[in-house]
Amino acid sequence: MTWSPDDCMIYALAVGAGTDELAFTTENTTGVSQQVLPTYPVVLGTDPTIFKQLGSFDWSKLVHAEQGVEVLRPIPPEGAALTTTRIADMYDKGKAALVVIESESIDEQSGELLFRTSMALYISGAGGWGGDRGPSESWQVPDREPDRTVSYATRPDQALLYRLCGDHNPLHSDPAFANRAGFERPILHGLCTYGFTGRALVHILAAGDATGIRSMEARFASPVLPGDSLHVDIWRTEEDKGLFRTRKDDGTVVLSNGRCTLNAA
């Protein structure tokens, strides 16, 4: 896959960056070098043909359950990478299947590993074949107030903006499809919420330097509607590690089990 400075800026705008984040939203500001948000690989790092290997299923029953990204080298604003994608695991959750997909992307010019991504997809009605249920994970909110909480308002048309990054799932744009999936109206892409959260981590844990974030992973816990406000609670647990969660105004957690690692300053 290839990407351009414009692609990186569109992504930044789609996850809420604006005039106070010109390093992400412009490429020609005096004295400012363009940076790429560390969550940008989520729109680059999966070969879409992998979904054909999952067979036929009702796409309205598919939910993005978890997402991880690891950036091994600074992502250039313009580049090309060769991506290898595989189905890493498939777990039987009884009434559903949980499919884990992993990708690695190598910089075409240098041949070096640039970033990795992983996603888990929850497909209702696809379980019950007697397979392994998969590992359980322990994650707890620290027994103290967050070190910082960052709040962002999403736009009523946020999902339409995020579609420009390539995710045209009608769940986020088509009212009839959203109703069929059990929602009152189209919901925000989980990866858009993930990108908003990643921006908060960059600013709080890495002082606005995108290269300061090494990895980020989280679980999608509840849907977000375009126009909702997001509150990202962040705990610095070690010099190079942090925990986070993202919640709505009413306290509903929408991203849980959040972990990130940092690069050395």
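How far is the sulfur of C165 from the closest cysteine sulfur, and in which residue does that sulfur lie? The points below take this up and then move on through the predicted model.

1. Cysteines. The closest cysteine sulfur to that of C165 belongs to C192, at 7.9 Å, which is too far for a bond. A disulfide would need the two sulfur atoms within 2.5 Å. The structure holds zero disulfides. C165 is buried, because its relative accessibility is 18%. C192 is buried as well, with a relative accessibility of 0%.

2. Helix α5. This helix runs over residues 190-205 and has 16 residues. From its first C-alpha to its last it reaches 22 Å, close to the 22 Å expected at 1.5 Å a residue. Most of α5 is covered, with 13 of its 16 residues buried.

3. A207. Just after α5, A207 takes a positive phi of about 55°, although it is not a glycine. Most residues other than glycine have a negative phi. A207 sits in the loop between α5 and β7 (213-220). Its relative accessibility is 74%, so A207 counts as exposed.

4. N257. A positive phi of about 55° is also found at N257, again not a glycine. N257 is part of strand β10, residues 253-262. Is N257 buried or exposed? It counts as buried, because its relative accessibility is 11%.

5. Largest pocket. The space in the largest pocket comes to about 1,000 Å³. Its lining is made up of 38 residues, and H64, D167, N169, H172 and L191 lie nearest its centre. Helix α5 and strands β2 (62-71), β5 (113-124) and β10 each supply at least two residues of this lining. β2 gives the most, with four residues. By class, the lining has 26 nonpolar residues, eleven polar and one charged.

6. Second largest pocket. The volume here is about 600 Å³. The second largest pocket is lined by 24 residues, with E66, L98, A120, E137 and R219 nearest its centre. Two or more lining residues come from each of β2, β3 (79-92), β4 (96-107), β5 and β7. The lining divides into ten nonpolar, six polar and eight charged residues.

Conventions
Residues numbered from 1 in each chain as written. Predicted model: local features only at pLDDT ≥ 70, side-chain atom pairs only at ≥ 80, totals over all residues. Heavy atoms only, no water. Expected span 1.5 Å × (residues − 1). Buried < 20%, exposed > 50% of the residue type's maximum accessible area, 1.4 Å probe, protein only. 1 Å grid on protein atoms, 1.4 Å probe; cavity = no way out; pocket = protein on both sides within 12 Å on 5 of 7 lines; lining within 4 Å. Points joined across faces, edges and corners; volume = space filled by probe spheres on them. Nonpolar A, V, L, I, M, F, W, Y, C, P; charged D, E, K, R; others polar.
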